[in-house]
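Please look over the fold below, starting with its packing. A short report accompanies it.

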Amino acid sequence: MTPTKTLAAIAVIPFVLAGCVSSAEYAKKEAGFNTVSNKTAAIASKRTAWVQNQQQAQAASAQVKTLLARKKSLDVETAVQIALLNNKGLQAAYADLGDSAADAWQTTMFLNPTVAVGLTGIGTPGLEAFKTVEGAIVTNILALATKKRDIEIADTRFRQAQLNAASRTLQLAADTRRAWINAVAAWENVGQLQRAQATADAASELAQKLGETGAMTKGAQAREHVFVAELAGETAKARLAARLTKEELTRLMGLWGSDLDYQVPNSLPSLPKAVAKRDTIEAEALRNRIDLQVAKLELEATARSYGLTEATRHVTDLEILTGLETEREIEDGDKKVDTTGFAELEFAIPIFDTGKARMRKAELAYMRAANQLAEKAINVRSESRSAYEAYRSNFDIARHYRNSVVPLRTKVEEESLLTYNGMITNTFELLTDTRDKINSILLSVNAKRDFWLAEANLAPAIYGGGASAASAETEVASTSESSGGGGH
């Protein structure tokens, strides 16, 4: 008797996951982007776009060119809008959101079964084409049993990615706003120095003429000339600083080529009449800060991961092999066929690794996330208080320079000039008063800049998007900036 066995394996999925999350939302090309767009619109009153094809890229480019052509001098709101439409780093952040959506989508799918097929007895004399065909399809039961938890974790990570993308959008808006303020303040400094340069040039020319007549000593003439030379050097440095700050704004807006011809105003807006009252800024920050919401979701995801680790502590891999076996026997010319089913279960026995180490790591991960959330809440409170304190104090400082210091310095210079013309004050004293007035004006411009920077930092302190790198202290501007025309 020559037996011939044929084994045909049939895939059998032992469990059907009930109530799993629909993958339709994750499968969309712009999955989660509506949340990002809505948050940006509500906080910054600006629209953003996720560019994923050539048509969308052309539409965004056309919008940018329209915004650039709308005004001769670029205001801060237009600069922010251009950055949100045109910054490539922001588009890369949106790609991270797409990755998270794809990961969540992948989690909703069943694992592909493993198929194995084997042939034995091929070419045996007196038999048919083969003696035995063996096949098997293996399904991971544990993956099916824990699928709901896996989907919940992936969904939490997806919501985190949405908030991170919104935070990146708000950070770009805040960075662009600060860059615009710095650029305009730099050019305002240049304008102040250029006006001082014109006055110094006239004084130097007068000194040269007086020296030719013998009415002014060579030492006094030299003081006038060196003052003009030093002022020219400071103006050149200020102009360079202004160009570099404008270049930073250009990078944030993602501009190049012919789009570089835009201009910014020659001076910052005047100080407001009064500061805004934000007595509940701590509560607003705790309620609205996106990074705090991300930390909460991190704790939630860690808790879910902890539960999954606990559920799979002892058995980390559980597979089932199912199929049918058909046996054919040829005896005295007759064929006899018997068909039977079979199933095999395969798992690791937790003799050496009982899962205690994995549980310990999961516990520590949860405690780490909980403490990070608590720390974040404390920091959010402090950052919001600091932002408002800087806002209030910088307003008082800028107003003090505008109302007191600059007018007094101007008065001193005017009186010094009168006494100089009356031959009472010498050249050195007049130059000292003039230089002090220039420094006071530059301090006033920088104080106004610091106020507008502090005002720009209020929104990030309440909603998130990155803390300001600008100092709350008033700095003396040793570098200053250009021209009194239509812009730069």
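## Basis of the model

This is a predicted model, in which local features need pLDDT of at least 70, side-chain atom pairs count only at pLDDT 80 or more, and totals for chains, interfaces and linings use all residues. Residues are numbered from 1 along each chain as its sequence is written, and side-chain values use heavy atoms, with hydrogens and water left out.

## Nonpolar cores

A nonpolar core here is a set of buried Ala, Val, Leu, Ile, Met, Phe, Trp, Tyr and Cys residues joined through side-chain atoms within 4.5 Å. Buried means under 20% relative accessible area, exposed over 50%, and partly exposed in between (1.4 Å probe, protein chains only). The largest core has 78 residues. Ile82, Trp180, Leu249, Met253, Tyr262 and Phe451 touch the most other members. Helix α7 (residues 147-213) gives the largest share of this core, 19 residues. Helices (H or I, at least four residues) and strands (E, at least two) are DSSP runs, numbered from the N terminus. Apart from this core lies another, of five residues, including Ala295, Leu299, Ala369 and Leu373.

What does Leu249 touch, not counting residues up to four places away in sequence? Its partners are Ala79, Thr176, Ala179, Trp180, Tyr262 and Val264. Contact means heavy atoms within 4.5 Å.

## Helix α2

Helix α2 (residues 33-44) has 12 residues. At 1.5 Å a residue they should span 16 Å, and the end C-alpha atoms are 16 Å apart, which agrees. The expected span is 1.5 Å times one less than the number of residues.

Phe33, Val36, Ser37, Thr40 and Ala44 are buried in α2. Seen down the axis, the buried residues of α2 fall within an arc of 95°, so they line one face of the helix. That arc is taken from the directions from the helix axis to the C-beta atoms. An α-helix has 3.6 residues a turn, so residues three or four places apart point the same way. The face of α2 turned away from the buried side carries the exposed residues Asn34, Asn38 and Ala42. Just after α2, Ser45 takes a positive phi of about 55°.

## Helix α5

Helix α5 (residues 88-108) has 21 residues and should span 30 Å at 1.5 Å a residue. Its end C-alpha atoms are 31 Å apart, which agrees. Buried residues in α5 include Leu90, Tyr94, Leu97, Ala101 and Thr108. At the start of α5, a side-chain oxygen of Asn87 reaches to within 2.9 Å of the backbone nitrogen of Gly89.

## Aromatic pairs

Rings of Phe, Tyr and Trp (its six-membered ring) pair if their centres lie within 6.5 Å; planes under 30 degrees apart count as stacked, over 60 as edge-to-face and the rest as tilted. The count by this rule is eight aromatic pairs. Phe33 and Tyr94 make an edge-to-face pair, 5.1 Å centre to centre with 75° between the planes. Phe33 lies in helix α2 and Tyr94 in helix α5, so this pair ties together parts that are 61 residues apart in sequence. Phe33 is buried at 5% relative accessibility, and Tyr94 is buried at 0%.

The rings of Phe451 and Trp452 have centres 5.0 Å apart and planes at 65°, so this pair is edge-to-face. Phe451 is buried, with a relative accessible area of 0%. Trp452 is buried at 16%. Ring pairs link Tyr388, Tyr391, Phe395, Phe451 and Trp452 into a cluster.

Terms used
A polar contact is a pair of N or O atoms within 3.5 Å; within protein, one must be able to donate a hydrogen and the other to accept it, and residues adjacent in sequence count only if both atoms are side-chain atoms.
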